[in-house]
Amino acid sequence: MQRLGITLRLLALGLLVLGAMSTLVARLWEVQVIQGDEYAAKVRRASQITVRIPSVRGEIRDRNGLPLVVNRASYEVDFHLPDMVSGYRERYGSTPQFEFQRTVRGNLENAKETDIIKIVNEEVLPRLIDLELARPYNSENLRRHFRNDTQVPFTYMEDIDFETLARFAEHDVGLPGVDLTLKPVRHYLYGAFASHILGYVGAPRDVDRVDAQNFTFYQSDVEGKAQIELHMDEYLRGKPGVRVLQRDPKGVVEGEVEFIPPTPGDNVYLTIDARIQAIAEEAMRSVGRGAAVVVDPNNGDVLAMVSVPSYDPNTFIPSISVSDWTTLMDDGTDPLTNRAVSGYAPGSTYKIPIALAGMTGSLGANSTFTCTGGVQYGNKFMRCWIHGKGSHGSINLSQAIKVSCNAYFYLYGNKAGIDSIVAVGNILGLGQRSGMEITGESPGILPGPEWLAENLPRERWSSGFTANTSIGQGFVLASPLQMAMLTATVANGGVSYYPRIVDRVLSHDGEVTRQQPARRRGDLKDNGVTEDQIESIRRGMWRVVNEDGGTARRARIKDNEVAGKTGTAQFWRGGVKDNHTWFIAFAPYENPKYAVCVFVQGAEAGGAVSAPIVAKILEEAFELDGQEPEAYTLAKLDPAPGNFEYVASIDFGRAIPAALTSAPTDVSSDIVTAPSSPPQTQRVTARPNVRPEADQVGSQQIQERRPNILRRIFRRR
């Protein structure tokens with residue numbers, strides 16, 4: 001009986017052991033056979049390196065397909081800080097600690113973190129110094145990066161030269177976390193050319209943390225910071241790629257497992273004609289501060305937009321040094337400001353929209369007013385520029401435009417009424433942003449009773465305010481772009497277009513992803529202005545240039561008739577005379593092809609300074625007729641320097657065609673002396689990648705070892 005019990009117990013134990021072994025075998029079968037591929041893949045993934053490859057931005061081209069912005073290859077040395085920390089821990093068993101204070105809920109508290117500076121200076125720099133590859137760095141910037149962006153590599157050296165690249169390729173650095181990376185970076189082919197149109201790029205403000213966790217090494221894309229680069233960023237950005245590398249158990253990379261190339265972004269084609277842009281850029285370098293805009297009056301396409309002084313966007317690539325950024329920000333001439341879309345007192349050029357406003361009511365081309373040298377409004381006598389020299393007498397609208405009579409437009413504007421002036425201004429886009437893909441566009445000011453009540457509630461609109469508005473002073477502000485567009489409206493017979501600077505967007509395989517046609521803002525003929533009335537204003541502008549007594553003798557060009565209007569608003573900068581001078585024009589008179597506005601700060605008069613610049617632009621633009629765009633050679637431009645020199649007149653040495661009569665023209669007769677509002681300008685506010693200067697902690701070791709390095713180099717030679 002006792003034996004039977006023992007036998008049963010042994011049998012039960014055997015069955016239990018057999019069951020356990022069967023379960024183990026079954027599990028091993030499941031893991032090794034059924035799920036073998038899955039677990040093998042996990043092991044492989046654990047030993048794989050995934051690298052995010054930055055996207056390649058699309059190109060920016062002119063209307064004819066000429067590339068203006070492309071990409072070039074740039075090598076940089078990156079520090080992958082988590083790998084450096086892991087390598088240090090494996091070697092020494094622990095990591096050095098750095099104590100600091102941080103603010104938590106408004107209170108200071110002590111905290112610790114891995115001392116990344118100590119790791120770099122003790123483990124990385126000595127090896128780089130031995131290989132003559134070390135560069136000073138900013139230790140505080142490194143510590144800040146480690147604290148906030150450990151998933152993103154720290155850029156130790158960027159855009160390295162060929163010699164440094166060759167030394168990295170020659171030597172096996174053999175340091176965990178030190179990597180040589182190839183990146184596509186922006187290249188502005190023609191330097192400062194069209195810099196206020198193209199803009200620049202920089203590192204993103206925020207990194208997608210969730211996306212970054214999917215990669216061992218995360219290389220972020222760049223983003224647009226200003227102008228076209230900013231406003232068309234969603235099209236220009238491509239899709240990033242992925243590179244997967246396999247490591248052996250010792251951590252040595254064996255090879256590439258997978259490669260998904262980045263997809264290039266879309267190419268953006270501008271309405272800009274690079275040839276006309278180059279002509280305008282060269283012409284505007286005759287002054288220290290100003291802007292020029294050339295548009296097609298038949299559709300609103302912007303053919304050229306220039307602002308001086310300018311800057312080279314390549315300075316921002318891959319990042320801009322502290323000294324270069326400080327120089328730009330401290331430059332009193334504001335090279336980062338796009339004057340073409342900034343607001344200024346337009347002076348007598350504003351008499352053109354005032355003339356149009358009168359024609360929506362009871363006034364017309366034959367409306368006659370008498371200039372006695374000025375007009376009395378309340379207790380204020382508002383002078384005409386001719387006051388003290390005589391008077392213009394009884395004149396009509398066309399004559400008043402020709403001689404730029406202030407007294408006539410004081411009376412005409414008040415007769416038209418401020419409501420009509422505001423209504424026509426709205427049709428022309430005055431006092432409004434255009435919505436064009438440009439940074440820093442000012443709306444300007446189209447003043448009226450409603451604007452005054454909102455901005456100066458203690459003031460009440462009066463006939464004196466209307467008179468000031470009628471000569472483009474007082475509260476009035478307009479941009480060169482706005483003045484070019486209203487000139488285009490007069491040139492084409494009354495159709496007001498929105499300005500257009502982006503023509504189309506094509507994907508890398510040629511598919512159109514965006515095409516925005518010309519857009520009408522309004523038509524003056526739909527608002528009571530007849531073709532004959534518009535023609536009378538056109539004729540007055542023709543007389544400004546082509547008849548004796550007009551204010552723009554120097555705007556005449558050979559073979560084509562120019563019509564225009566000068567303007568000079570007196571302005572003072574710190575007590576120094578700093579007139580704002582203008583000239584708006586279109587040509588040819590019949591079937592206009594170009595509408596132009598040139599604005600110059602710090603000049604004597606529109607007829608003496610701005611008009612010759614317009615003439616040079618038009619004359620050379622017409623010489624392009626019949627030429628293939630490919631035949632024009634575009635030159636790289638250095639930044640146009642700014643200055644505060646006062647420009648009395650400009651003479652390009654052109655042969656100026658004779659007027660209808662030979663008597664001399666007074667080019668100063670467009671100056672108005674009414675007080676004007678300060679300019680409405682806006683600097684580029686997006687802070688770029690500013691490369692901090694190396695500090696003592698990041699430089700000391702290299703400085704101490706430099707004599708030995710120099711001796712070694714000398715011996716090698």
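Visitor: In which hand does H15 pass H18?

Guide: A crossing is left-handed if the near helix is turned anticlockwise from the far one by less than a right angle, and right-handed if clockwise. Here H15 passes H18 in a right-handed crossing. This is a predicted model, in which local features need pLDDT of at least 70, side-chain atom pairs count only at pLDDT 80 or more, and totals for chains, interfaces and linings use all residues. Residues are numbered from 1 along each chain as its sequence is written, and side-chain values use heavy atoms, leaving out hydrogens and water.

Visitor: At what angle do H15 and H18 pack?

Guide: Two packed helices are described by the angle between their axes and the distance between the axes. Helix H15 (residues 406-416) and helix H18 (residues 463-470) have axes 8 Å apart, at an angle of about 120°. H15 is therefore oblique to H18; angles under 35 degrees count as roughly parallel, over 145 as roughly antiparallel, 65 to 115 as roughly perpendicular, and the rest as oblique.

Visitor: Which residues of H15 and H18 meet?

Guide: Contact means heavy atoms within 4.5 Å. From H15 come Phe409, Tyr410, Gly413 and Asn414, and from H18 come Ser463, Thr466, Ala467 and Ser470. By class, the contact of H15 with H18 has 3 nonpolar, 5 polar and no charged residues.

Visitor: How do H13 and H15 cross?

Guide: The axes of helix H13 (residues 351-358) and H15 come within 9 Å and cross at roughly 40°. H13 and H15 are therefore oblique to each other, and their crossing is left-handed. On the H13 side are Lys351, Ile354, Ala355, Ala357 and Gly358; they meet Asn406, Phe409, Tyr412, Gly413 and Ala416 of H15. The residues of this contact divide into 6 nonpolar, 3 polar and 1 charged.

Visitor: Which residues have the most contacts inside the largest nonpolar core?

Guide: A nonpolar core is a set of buried Ala, Val, Leu, Ile, Met, Phe, Trp, Tyr and Cys residues joined through side-chain atoms within 4.5 Å; buried means under 20% relative accessible area. The largest nonpolar core has 154 residues, and Leu270, Phe409 and Ile537 have the most contacts inside it. Helix H21 (residues 606-622) gives the largest share of this core, 10 residues. Apart from it lies another core, of 30 residues, among them Leu128 and Val173.

Visitor: What does Phe409 contact beyond its neighbours within four places in sequence?

Guide: Phe409 is in contact with residues including Lys351, Ile354 and Ala355, as well as Ser470 and Ile471.

Visitor: How many residues of the protein chain count as buried?

Guide: Of its 717 residues, 55% do. The protein chain has 22 helices and 30 strands.

Definitions and conventions
Axes fitted to C-alpha atoms, helices over the stretch in contact; angles between N-to-C directions. Helix = DSSP H or I, 4+ residues; strand = E, 2+ residues; numbered from the N terminus. Nonpolar A, V, L, I, M, F, W, Y, C, P; charged D, E, K, R; others polar. Buried < 20%, exposed > 50% of the residue type's maximum accessible area, 1.4 Å probe, protein only.
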